[in-house]
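Me: I have a structure to look at and would like to learn how to read its features. Please take me through them step by step.

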Amino acid sequence: MTMSYNISSSEVEMEWWISSIPKVELHAHLNGSIRNSTLFELARELGEKGTIVFSDFEHVIKKNDRTLCEVFKLFDLIHVVTTDHKTITRITKEVVEDFAAENVVYLELRTTPKRNDSIGMSKRSYMEAVVDGLRSASSNILDINFSCDDLEKFSKLPTKKRIIVRLLLSIDRRESTASAMETVKLALEMKDMGVIGIDLSGNPTVGEWETFFPALKFAREQGLSVTLHCGEVPNSVEIQEMLNFRPGRIGHACCFQDEEWRKLKLYKIPVEICLTSNIRTETISSMDVHHFANLYKENHPVVLCTDDSGVFSTNLSNEYALVSSAFGLGKMELFQLARKAVDFIFAGNEVKMELLKVYESAARTLEYN
Ligand SMILES: CNc1ncnc2c1ncn2[C@@H]1O[C@H](COP(=O)(O)O)[C@@H](O)[C@H]1O
Ligand SMILES: [Zn+2]
């Protein structure tokens, strides 16, 4: 008896093709990208020790439809399970290996440095645990202290095992100006460990732009790149202030009014598009009204990203497949979309040149029909 599946052979072929194109991921939160299996394993261990009640945890984790506010409650829960040095090292290693396995060749991984005095964790020791995770990843990862010679070898390394990783330090919107400034100073101290920028994220209904502005301004003056979660909820005043700051990129741009679209396009600020995240958190009601279509049509800089691949059960290949099925992009357009993302990375020209070589070589071997 033959089994019947809902997926056609052409869809399977397309999935395979998408997984084989080199991809660039610019918006991935470390703790949101944790493997489901790891999350359950860690929660079960803490349940056995009596630190948490596993069944309560399981109930929240397994829930599929979550509003944006519920997602932030979930993150607080994930942090209870993940925030110790050993676990942070482990999940960093796994997240990097997972991205490399689907042919992500360049990853800007972002995470919020956390302080927890009760376990001797400072923001710095948290970040050192992340860097240890990068060092222990089994992929041919070019992350820290790479030399130009290493970089030149990159495009010749075996596919699905090679990845360049850079780090962005996130400021959580619950933080004070002093705490945000501490994160920026840490980023500056860790420049030689792959840190290249700052992200502003966290619950968009919490905190004021004025609180973060001094730290973000200082970051930029000191040569760090800045990306902002912008317009996840309607807030015209804040969106305008963020756009006037002229960040290097923004994430989401879901709740923009006409004037804000005009400004975004005038300033040509690249947008990190997170389709599954926007649909699952109901920030956008359905794919057919998603702003990707208009931005893409108008040739505005966009880059497809996962946001929280663990929490939203997606990966970058799946985001490309979604764009193909929802907006009708063919193989050539998908390849060009992936390649164009190189223009918007925060790493410097040497890395860009090497990534372009990866795309040149892929363009010669891939078939587009
Ligand atoms: C769904 N859209 C989103 N909007 C805003 N912030 C988000 C987010 N998804 C994740 N984060 C931010 O990233 C943290 C988890 O990773 P790290 O602990 O930093 O590694 C969350 O606590 C939140 O601050
Ligand atoms: Zn995000």
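Me: Is N103 buried or exposed?

Reply: This is a predicted model, and the values are computed from it. Buried means under 20% relative accessible area. N103 has 2% relative accessibility, so N103 counts as buried. Its place is the loop between α5 (85-101) and β2 (104-111).

Me: Which kind of phi does K268 have, positive or negative?

Reply: K268 is not a glycine either, yet its phi is positive, at about 50°. This residue lies in the loop between α11 (258-267) and β8 (271-273). A residue is exposed if its relative accessible area is over 50%. K268 has 59%, so K268 is exposed.

Me: Where is K331, and is its place buried or exposed?

Reply: K331 is part of helix α15 (residues 331-340). Its relative accessible area is 9%, and therefore K331 is buried.

Me: With which side chain does the side chain of K331 make a polar contact?

Reply: A polar contact is a pair of N or O atoms within 3.5 Å. For K331 the partner is the side chain of E13, at 3.0 Å.

Me: How do I describe a residue that is neither buried nor exposed, and what is the case of N116?

Reply: Partly exposed covers the range between the two cut-offs. N116 has a relative accessible area of 26%, so N116 is partly exposed. N116 belongs to the loop between β2 and α6 (123-136). Its side chain and that of S118 are joined by a polar contact of 2.7 Å.

Me: How many residues apart are E25 and M181?

Reply: In sequence, E25 and M181 are 156 residues apart; in space, they are 26 Å apart from C-alpha to C-alpha. E25 is in strand β1 (residues 23-29). With a relative accessible area of 0%, E25 is buried.

Me: Now the ligand. How many residues surround ligand 1?

Reply: The shell is the set of residues around the ligand. Here 18 residues surround ligand 1, and the closest are H79, T111, T112, K114 and D308. Helix α4 (residues 68-82) gives the largest share of this shell, three residues.

Me: How do the residues of the shell divide into nonpolar, polar and charged?

Reply: The shell around ligand 1 has four nonpolar, nine polar and five charged residues.

Me: Which atoms lie 3.0 Å, 2.9 Å and 2.8 Å from atoms of ligand 1?

Reply: Take them one at a time. A polar side-chain atom of H29 is 3.0 Å from an oxygen atom of ligand 1. From G202, a backbone N or O atom lies 2.9 Å from a nitrogen atom of the ligand. In the side chain of E232, an N or O atom is 2.8 Å from a nitrogen atom of ligand 1.

Me: How much of ligand 1 does the protein bury?

Reply: Start with the ligand taken alone. Ligand 1 then exposes 510 Å², and the protein buries 99% of that. The space that ligand 1 takes up is the largest pocket.

Technical notes:
Residues numbered from 1 in each chain as written. Chains lettered and ligands numbered in written order. Predicted model: local features only at pLDDT ≥ 70, side-chain atom pairs only at ≥ 80, totals over all residues. Heavy atoms only, no water. Near = heavy atom within 4 Å. Polar contact = N/O pair within 3.5 Å; in protein donor to acceptor, adjacent residues only side chain to side chain. Areas by Shrake-Rupley, 256 points an atom, 1.4 Å probe, with all protein chains shown as cover. 1 Å grid on protein atoms, 1.4 Å probe; cavity = no way out; pocket = protein on both sides within 12 Å on 5 of 7 lines; lining within 4 Å. Sits in = over half its atoms within 2 Å of the grid points. Helix = DSSP H or I, 4+ residues; strand = E, 2+ residues; numbered from the N terminus. Nonpolar A, V, L, I, M, F, W, Y, C, P; charged D, E, K, R; others polar. Buried < 20%, exposed > 50% of the residue type's maximum accessible area, 1.4 Å probe, protein only.
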